[in-house]
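This report covers aromatic ring pairs and charges placed over rings.

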Amino acid sequence: MKLFKIGSNSKCDIVLNSPYVSGLHAELTSLPEGNFILEDKNSTNGTTVNGKKIEGAKEITVVRGDKIVFGDTPLNWNAIPQHEKFTDCKKVLNIGSNFRNELQITDPYVSRYHAILKIDKNGKPYIKDLKSKNGVLLNGIKIPANQWVPIKYKDTVNLGNIDITDQIKGVIPVPCPWLKIVAAVVIAAAVLVGGYFGYRALNRTGSVLGGTKPTIADVRTSVVYVTAS
């Protein structure tokens, strides 16, 4: 999801140069299913959709190609980017304070549509800052807006000053967890085998030299224990 602010103010995403267009005239939100939510922001000269004026402060659903006029200026649909398709992704998580997000975070530092987290078809996670007011920080460093940035399971993620690391941990795949298990098993087996043969070797040495047979405690001090990290 992405929010487009439309008006005559230079800070708007879609700037319309007309005296009949208010500073912040309307907002257009793209939805995952391909349509849009349009809301007139109490403009002076109103907004019409296919010739019908939007009455009051309410949201209406529109589709690409509808004739939308702000004051006296029609919307150029070419200025609105095509919906990004996520058909090849394993998971997509919209994050923000609006109730339409899959992960809703109610906080003044979090924008309505703040960021998107996706897991691509290869299981690799990426995050994108949707030109939010307070940005997205990855391990304390602000990432550029409107760009997919790769992240890892152990990374910390902040929306403004709100830490959402724990809230997205369940979505980000753990990197090759089976490798750690296999490594731990192999190391444990090596330690056991080494200890067994070490004990037998010492036992034989003691018998040949006529010395005292070593105990398990003696062998244990000669074994180095290694754990997988």
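Rings of Phe, Tyr and Trp (its six-membered ring) pair if their centres lie within 6.5 Å; planes under 30 degrees apart are stacked, over 60 edge-to-face, and the rest tilted. This is a predicted model, in which local features need pLDDT of at least 70 and side-chain atom pairs count only at pLDDT 80 or more, while totals for chains, interfaces and linings use all residues. Residues are numbered from 1 along each chain as its sequence is written, and side-chain values use heavy atoms, with hydrogens and water left out.

The structure holds 2 aromatic pairs.

| Pair | Centre distance | Plane angle | Class |
|---|---|---|---|
| Phe36 and Trp77 | 5.2 Å | 55 degrees | tilted |
| Phe86 and Trp148 | 6.2 Å | 85 degrees | edge-to-face |

Strands are DSSP runs (E, at least two residues), numbered from the N terminus. Phe36 belongs to strand 4 (residues 36-40), and Trp77 to the loop between strand 9 (73-74) and strand 10 (91-96), so their pair ties together parts 41 residues apart in sequence. Phe36 is buried (under 20% relative accessible area), at 0%. Trp77 is also buried, at 11%.

Phe86 lies in the loop between strand 9 and strand 10, and Trp148 in the loop between strand 15 (141-142) and strand 16 (149-150), so this pair ties together parts 62 residues apart in sequence. Trp148 is partly exposed at 23%.

Which ring has the charged end of Lys118 over it? A charge sits over a ring if NZ of Lys or CZ of Arg is within 6 Å of the ring centre and within 35 degrees of the ring normal. Lys118 sits over Trp148, 4.3 Å from the ring centre. The charged end of Lys169 sits over the ring of Tyr153, 4.7 Å from its centre.

Definitions and conventions
Helix = DSSP H or I, 4+ residues; strand = E, 2+ residues; numbered from the N terminus. Buried < 20%, exposed > 50% of the residue type's maximum accessible area, 1.4 Å probe, protein only.
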